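Trainee: Could we go through this structure together? I am new to it and would like to begin with a single residue before turning to the chains.

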Protein chains: 2
Amino acid sequence: LCTASHENLIWQGEQLRVIRADDAHFPAFYRVIWQQHAAEFSDLCAAERASCMAAVVAVEQVLRTQLTPHKVNLASLGNMVPHVHWHVIARFEWDTHFPQPIWAPPQRPPNMPKLQQLGGKIETTDAAIRLALGSAWGA
Amino acid sequence: LCTASHENLIWQGEQLRVIRADDAHFPAFYRVIWQQHAAEFSDLCAAERASCMAAVVAVEQVLRTQLTPHKVNLASLGNMVPHVHWHVIARFEWDTHFPQPIWAPPQRPPNMPKLQQLGGKIETTDAAIRLALGSAWGA
């Protein structure tokens with residue numbers, strides 16, 4: 001994650017970028033990636049952590065406003081890719097894994113009509129994220 | 001999570017408390033629980049979010065210092081219990097699920113000698129968390 005490639009880039013600034021994961025079962029799955037290499041969240045200084053969480057919260061707020069999910073999931077794991085990145089995922093009661101985490105075994109097959117309906121709102125959501133982050137960082 | 005019961009309470013202050021999950025396979029699995037009811041992290045105001053993440057980071061730093069884990073995992077999910085709480089989990093290459101998230105299917109059986117060795121360091125880790133949060137909040 002130190003260098004971007006084949007990413008669906010939504011927004012980027014000097015400190016961080018936001019991508020959308022392009023997960024067929026979770027259309028509203030975004031990642032906030034810290035640009036500079038750091039393995040653990042506590043490797044960032046207090047000001048950097050504040051910037052990073054401000055972006056995570058901005059994405060969460062856009063997802064809530066645009067998509068009214070049942071819950072938003074936030075996670076910084078990085079076991080396979082030890083570079084600070086936050087998963088921000090809008091969760092719905094009808095999704096394949098709810099109420100389990102998306103990494104657990106699925107609970108049910110995909111709900112295609114609901115997925116299509118959600119997919120139809122994603123471009124607007126991307127745009128709202130750009131607006132929220134653009135204004136927050138003056139980009 | 002609005003009211004504590006049957007919890008392994010490690011530290012608490014007015015705004016938040018820290019418990020240890022008592023998970024047999026993940027001895028160093030802590031939770032930072034916001035005392036007042038809020039469903040989503042973005043329901044907290046900026047100052048509250050800063051306090052909350054300061055506690056999460058303090059726990060992460062103690063885990064790194066005391067246990068030198070391969071990775072620390074942070075997550076705020078709350079699909080089943082929509083009350084703001086952060087999972088802070090020290091992960092090791094030998095643990096049952098590494099490099100997968102702890103919610104994924106296990107990758108291997110528990111390594112009992114390693115678990116016992118880690119378990120032996122938990123009381124000291126609990127004490128170091130109390131010290132870190134006590135000093136941070138003047139409690």
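**A buried aspartate and its surroundings**

Mentor: D126(A) is buried, with a relative accessible area of 5%; buried means under 20% relative accessible area, exposed over 50% and partly exposed in between, with a 1.4 Å probe and protein chains only. This is a predicted model, in which local features need pLDDT of at least 70 and side-chain atom pairs count only at pLDDT 80 or more, while totals for chains, interfaces and linings use all residues. Residues are numbered from 1 along each chain as its sequence is written, chains are lettered from A and ligands numbered from 1 in the order in which they are written, and side-chain values use heavy atoms, with hydrogens and water left out.

Trainee: Where is D126(A) found?

Mentor: D126(A) belongs to helix α3 (residues 122-137) of chain A. Helices (H or I, at least four residues) and strands (E, at least two) are DSSP runs, numbered from the N terminus.

Trainee: Leaving aside neighbours within four places in sequence, what is D126(A) in contact with?

Mentor: With those neighbours within four places set aside, D126(A) is in contact with I10(A), R20(A) and Y30(A). Contact means heavy atoms within 4.5 Å.

Trainee: Which residues are linked with D126(A) in a network of salt bridges?

Mentor: The network links R20(A), D22(A) and D126(A). A salt bridge is a side-chain nitrogen of Lys or Arg within 4 Å of a carboxyl oxygen of Asp or Glu.

Trainee: Is D22(A) buried or exposed?

Mentor: D22(A) is exposed, with a relative accessible area of 53%. D22(A) sits in the loop between β2 and β3 (29-34) of chain A. Its phi is near 55 degrees, a positive value in a residue other than glycine.

Trainee: Which other residue has a positive phi although it is not a glycine?

Mentor: T68(A) has one, of about 35 degrees. T68(A) lies in the loop between α1 (46-67) and β4 of chain A, and at 62% relative accessibility T68(A) counts as exposed.

Trainee: What about chain B?

Mentor: There the side chains of R20(B) and D126(B) meet in a salt bridge (2.8 Å, N to O). R20(B) lies in strand β2 (residues 16-20) of chain B and D126(B) in helix α3 (residues 122-137) of chain B, so the pair ties together parts that are 106 residues apart in sequence. Both R20(B) and D126(B) are buried.

Trainee: What is the bridge partner of N8(B) in β2(B)?

Mentor: The partner of N8(B) is R20(B). Four bridges join strand β1 (residues 8-12) of chain B to β2(B), and the two run antiparallel; two strands pair if DSSP finds at least two bridges between them. A hairpin of three residues joins β1(B) to β2(B).

Trainee: Now the interface. How many residues does the contact take from each chain?

Mentor: The contact takes 32 residues from chain B and 32 residues from chain A. The two chains bury about 2,800 Å² between them, 55% of it on carbon and sulfur atoms; buried area is the accessible area (1.4 Å probe) that two parts lose on being put together, summed over both. In chain B, E40(B), K71(B) and N79(B) lose the most area to chain A, together 23% of what that side buries.

Trainee: How many salt bridges cross the interface of chain B and chain A?

Mentor: The rule finds four. K71(A) forms a salt bridge with E40(B), with the closest N and O atoms 2.7 Å apart.

Trainee: How many bridges join β4 of chain A to β4(B)?

Mentor: Three bridges join strand β4 (residues 71-76) of chain A to β4(B), and these strands run antiparallel. The bridge partner of L74(A) in β4(B) is S76(B).

Trainee: Finally, which peptide bonds are cis?

Mentor: A cis peptide bond joins F98(A) and P99(A), with omega about 0 degrees. The peptide bond from F98(B) to P99(B) is also cis, with omega near 5 degrees.
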